[in-house]
Amino acid sequence: MGKFQYTLSCYFKLNPESFVKVSDQLEISLPCINCQRDHRTIIFENINKKGICTPKKKCEGFLGELVKREIIKEVDGVKINYLIEFDYHQFTDLKYNVESNFKFGWARVYFTVKCSKCQKEKTISTQENVGRPWDEKCECGNIIFQDYETPFKYQATEI
(Lines give C-alpha, C1' and ligand atoms only; values in the text may rest on other atoms or scores of the structure.)
Protein backbone atom coordinates (compact mmCIF):
# COMPACT_ATOMS: atom_id res chain seq x y z
CA MET A 1 0.00 0.00 0.00
CA GLY A 2 1.23 3.49 -0.82
CA LYS A 3 0.47 7.05 0.14
CA PHE A 4 -0.97 9.27 -2.56
CA GLN A 5 -1.77 12.95 -2.98
CA TYR A 6 -4.61 14.05 -5.18
CA THR A 7 -4.72 17.66 -6.31
CA LEU A 8 -7.92 19.29 -7.51
CA SER A 9 -7.57 22.76 -9.00
CA CYS A 10 -10.67 24.83 -9.82
CA TYR A 11 -10.77 28.10 -11.68
CA PHE A 12 -14.01 30.08 -11.57
CA LYS A 13 -14.31 32.96 -14.01
CA LEU A 14 -16.15 35.59 -12.02
CA ASN A 15 -15.58 38.99 -10.51
CA PRO A 16 -13.28 38.29 -7.54
CA GLU A 17 -15.07 41.02 -5.58
CA SER A 18 -18.35 39.07 -5.82
CA PHE A 19 -16.76 35.88 -4.43
CA VAL A 20 -17.71 35.49 -0.75
CA LYS A 21 -16.49 32.02 0.29
CA VAL A 22 -16.09 28.40 -0.67
CA SER A 23 -18.01 25.76 1.26
CA ASP A 24 -16.16 23.46 3.64
CA GLN A 25 -17.70 20.49 1.80
CA LEU A 26 -16.05 18.94 -1.25
CA GLU A 27 -17.36 15.98 -3.23
CA ILE A 28 -14.92 14.14 -5.48
CA SER A 29 -14.56 10.80 -7.22
CA LEU A 30 -11.66 8.61 -6.05
CA PRO A 31 -10.88 4.89 -5.79
CA CYS A 32 -11.56 3.51 -2.29
CA ILE A 33 -9.39 0.62 -1.12
CA ASN A 34 -11.61 0.05 1.90
CA CYS A 35 -14.65 -1.09 -0.12
CA GLN A 36 -12.58 -2.02 -3.22
CA ARG A 37 -14.60 0.20 -5.55
CA ASP A 38 -13.28 2.54 -8.20
CA HIS A 39 -14.66 6.05 -8.82
CA ARG A 40 -16.56 6.35 -5.54
CA THR A 41 -18.06 9.69 -4.53
CA ILE A 42 -16.03 10.74 -1.51
CA ILE A 43 -17.36 13.57 0.64
CA PHE A 44 -14.99 15.74 2.64
CA GLU A 45 -16.82 17.85 5.20
CA ASN A 46 -13.83 20.00 6.12
CA ILE A 47 -10.04 20.29 6.27
CA ASN A 48 -8.31 17.51 8.25
CA LYS A 49 -11.45 15.39 8.36
CA LYS A 50 -11.55 11.81 7.12
CA GLY A 51 -13.41 11.36 3.83
CA ILE A 52 -16.77 9.62 3.69
CA CYS A 53 -17.17 7.01 0.95
CA THR A 54 -20.74 6.84 -0.33
CA PRO A 55 -23.05 5.16 0.09
CA LYS A 56 -22.07 4.96 3.77
CA LYS A 57 -23.81 1.65 4.43
CA LYS A 58 -21.58 -0.09 1.86
CA CYS A 59 -18.23 1.23 3.13
CA GLU A 60 -16.62 1.79 6.51
CA GLY A 61 -14.86 4.96 5.38
CA PHE A 62 -12.35 6.42 2.99
CA LEU A 63 -8.71 6.06 4.10
CA GLY A 64 -7.69 9.66 3.58
CA GLU A 65 -8.45 13.28 4.30
CA LEU A 66 -8.56 16.73 2.79
CA VAL A 67 -5.36 18.31 4.11
CA LYS A 68 -5.30 21.70 2.41
CA ARG A 69 -7.53 24.22 0.67
CA GLU A 70 -6.09 27.36 -0.87
CA ILE A 71 -8.13 30.26 -2.29
CA ILE A 72 -6.43 32.68 -4.67
CA LYS A 73 -8.28 35.73 -5.99
CA GLU A 74 -6.99 36.69 -9.43
CA VAL A 75 -7.85 39.55 -11.80
CA ASP A 76 -10.68 37.77 -13.64
CA GLY A 77 -11.58 34.93 -11.31
CA VAL A 78 -10.94 32.79 -8.27
CA LYS A 79 -8.69 29.74 -8.11
CA ILE A 80 -9.23 27.09 -5.45
CA ASN A 81 -6.67 24.33 -4.87
CA TYR A 82 -7.48 21.24 -2.82
CA LEU A 83 -4.96 18.67 -1.61
CA ILE A 84 -6.13 15.22 -0.52
CA GLU A 85 -3.83 12.58 1.01
CA PHE A 86 -4.92 8.96 1.14
CA ASP A 87 -3.82 5.33 1.18
CA TYR A 88 -4.04 3.50 -2.12
CA HIS A 89 -2.97 0.40 -3.96
CA GLN A 90 -4.34 -0.80 -7.26
CA PHE A 91 -7.22 -3.26 -6.95
CA THR A 92 -9.89 -4.92 -9.05
CA ASP A 93 -13.28 -3.22 -8.64
CA LEU A 94 -15.63 -5.65 -6.91
CA LYS A 95 -18.66 -4.70 -9.00
CA TYR A 96 -17.26 -4.04 -12.48
CA ASN A 97 -14.16 -6.31 -12.43
CA VAL A 98 -11.84 -3.58 -13.79
CA GLU A 99 -8.53 -2.29 -12.43
CA SER A 100 -8.76 0.87 -10.34
CA ASN A 101 -7.26 4.05 -11.79
CA PHE A 102 -7.33 7.83 -11.71
CA LYS A 103 -8.47 8.37 -15.29
CA PHE A 104 -11.97 9.55 -14.43
CA GLY A 105 -12.18 13.00 -12.85
CA TRP A 106 -15.33 14.23 -11.16
CA ALA A 107 -15.87 16.86 -8.49
CA ARG A 108 -18.55 19.14 -7.06
CA VAL A 109 -17.67 22.41 -5.35
CA TYR A 110 -20.05 24.72 -3.49
CA PHE A 111 -19.32 28.44 -3.21
CA THR A 112 -21.10 31.67 -2.29
CA VAL A 113 -21.20 34.77 -4.47
CA LYS A 114 -22.69 38.22 -3.91
CA CYS A 115 -24.83 39.89 -6.55
CA SER A 116 -23.21 43.08 -7.84
CA LYS A 117 -26.65 44.60 -8.39
CA CYS A 118 -28.62 43.91 -5.17
CA GLN A 119 -25.81 42.61 -2.88
CA LYS A 120 -27.71 39.40 -1.95
CA GLU A 121 -25.56 36.33 -1.36
CA LYS A 122 -26.31 32.98 -2.98
CA THR A 123 -24.62 29.60 -2.56
CA ILE A 124 -24.27 27.69 -5.81
CA SER A 125 -22.41 24.60 -6.95
CA THR A 126 -20.88 23.30 -10.09
CA GLN A 127 -19.66 19.85 -10.98
CA GLU A 128 -17.77 18.09 -13.73
CA ASN A 129 -20.74 16.49 -15.47
CA VAL A 130 -23.18 19.40 -15.48
CA GLY A 131 -24.64 20.48 -18.83
CA ARG A 132 -22.73 23.50 -20.10
CA PRO A 133 -23.07 26.37 -20.79
CA TRP A 134 -25.35 27.65 -18.01
CA ASP A 135 -25.88 30.87 -16.11
CA GLU A 136 -26.77 31.29 -12.44
CA LYS A 137 -29.05 34.24 -11.77
CA CYS A 138 -29.80 36.15 -8.61
CA GLU A 139 -33.41 36.63 -7.48
CA CYS A 140 -33.19 40.14 -8.97
CA GLY A 141 -32.43 38.65 -12.42
CA ASN A 142 -28.75 39.64 -12.55
CA ILE A 143 -26.36 36.91 -13.81
CA ILE A 144 -23.99 36.15 -10.93
CA PHE A 145 -22.05 33.19 -12.41
CA GLN A 146 -21.51 31.79 -15.89
CA ASP A 147 -20.23 28.24 -16.37
CA TYR A 148 -19.07 27.65 -19.96
CA GLU A 149 -16.32 25.03 -19.54
CA THR A 150 -15.17 22.70 -16.81
CA PRO A 151 -13.26 24.58 -14.11
CA PHE A 152 -11.58 21.39 -12.79
CA LYS A 153 -8.11 19.88 -13.23
CA TYR A 154 -7.06 16.69 -11.44
CA GLN A 155 -3.71 15.08 -10.66
CA ALA A 156 -2.72 12.03 -8.59
CA THR A 157 0.84 11.59 -7.33
CA GLU A 158 2.43 8.87 -5.23
CA ILE A 159 4.39 10.27 -2.26
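These are my notebook entries on a predicted model of one protein chain.

**Entry 1: overall layout**

I began with the secondary structure. The protein chain has 11 strands and zero helices. I then looked up the extent of the chain. Its C-alpha atoms fill a box of roughly 50 × 25 × 25 Å along the principal axes. The chain has 159 residues, and buried ones make up 42% of them. I also checked how far contacts reach along the sequence. Of the contacts between residues at least 6 apart, 52% join residues at least 24 apart.

**Entry 2: the five-stranded sheet**

I traced an open sheet of five strands next. Its order is β4-β3-β2-β7-β8, and the pairing is antiparallel. Which strands stand at the edges? They are β4 (52-53) and β8. Each has a single partner strand, so one side of each is left without a neighbour in the sheet.

I went through the pairings from there. Strand β2 covers residues 19-32. Six bridges join β2 to strand β3, residues 37-44. Across that pairing, Glu27 stands opposite Ile43 in β3. On to β7: β2 and β7 pair over six bridges, again antiparallel. There, Phe19 has Val113 in β7 as its bridge partner.

I stayed with β7, residues 107-114. Is this strand mostly covered or mostly open? It is mostly covered, since six of its eight residues are buried. Seven antiparallel bridges join β7 to strand β8, residues 121-127. One facing pair I noted is Thr112 and Thr123, the latter in β8. β7 and β8 form a hairpin with six residues between them. In the turn, Gln119 has a positive phi of about 70 degrees.

**Entry 3: the four-stranded sheet**

The order reads β5-β6-β1-β11, with antiparallel pairing. The edge strands are β5 and β11 (152-158), and each pairs on one side only. Neighbouring strands in this sheet are turned by 15 degrees against each other on average, direction ignored. Inside the sheet, β1 and β6 pair over 11 bridges. I picked out Tyr11, whose bridge partner in β6 is Lys79.

**Entry 4: the nonpolar core**

I looked inside next. The largest nonpolar core has 38 residues. Those touching the most other members are Ile28, Phe62, Tyr82, Ile84, Val109 and Phe111. Which strands supply at least two residues each? They are β1 (2-12), β2, β3, β6 (77-88), β7 and β10 (143-147). I noted a general point here: in soluble globular proteins, nonpolar side chains tend to be buried together.

I listed some contacts of Phe62, leaving out residues up to four places away in sequence. Among them are Leu30, Pro31, Cys32, Ile42 and Phe44. Phe62 also touches Ile52, Cys53, Ile84 and Phe86.

**Entry 5: aromatic rings**

How many aromatic pairs are there? The count comes to 16. One of them joins Phe152 and Tyr154, a tilted pair at 6.4 Å centre to centre, with 35 degrees between the planes. I compared their burial. Phe152 is buried, at a relative accessible area of 6%. Tyr154 is partly exposed, at 25%. Both belong to one aromatic cluster, whose members include Phe4, Tyr6, Phe62, Phe86 and Phe102.

**Entry 6: cysteines**

I searched for disulfides and found zero. Cys118 is in no disulfide, and the nearest cysteine sulfur, that of Cys138, is 3.5 Å away. The cut-off for a disulfide is 2.5 Å between sulfur atoms. Cys118 counts as partly exposed at 32%, and Cys140 counts as partly exposed at 34%.

**Entry 7: a loop residue**

Last, I looked up Lys58. Where does it lie? Lys58 is in the loop between β4 and β5 (64-74). At 65% relative accessibility, Lys58 counts as exposed. Lys58 and Asn34 are 24 residues apart in sequence. In space, their C-alpha atoms are 10.0 Å apart.

Conventions. Residues are numbered from 1 along each chain as its sequence is written. This is a predicted model: local features need pLDDT of at least 70, side-chain atom pairs count only at pLDDT 80 or more; totals for chains, interfaces and linings use all residues. Side-chain values use heavy atoms; hydrogens and water are left out. Buried means under 20% relative accessible area, exposed over 50%, partly exposed in between (1.4 Å probe, protein chains only). Two strands pair if DSSP finds at least two bridges between them. Rings of Phe, Tyr and Trp (its six-membered ring) pair if their centres lie within 6.5 Å; planes under 30 degrees apart count as stacked, over 60 as edge-to-face and the rest as tilted. A nonpolar core is a set of buried Ala, Val, Leu, Ile, Met, Phe, Trp, Tyr and Cys residues joined through side-chain atoms within 4.5 Å. Contact means heavy atoms within 4.5 Å. Axes are lines fitted to C-alpha atoms, for helices over the stretch in contact, and angles run from 0 to 180 degrees between N-to-C directions.
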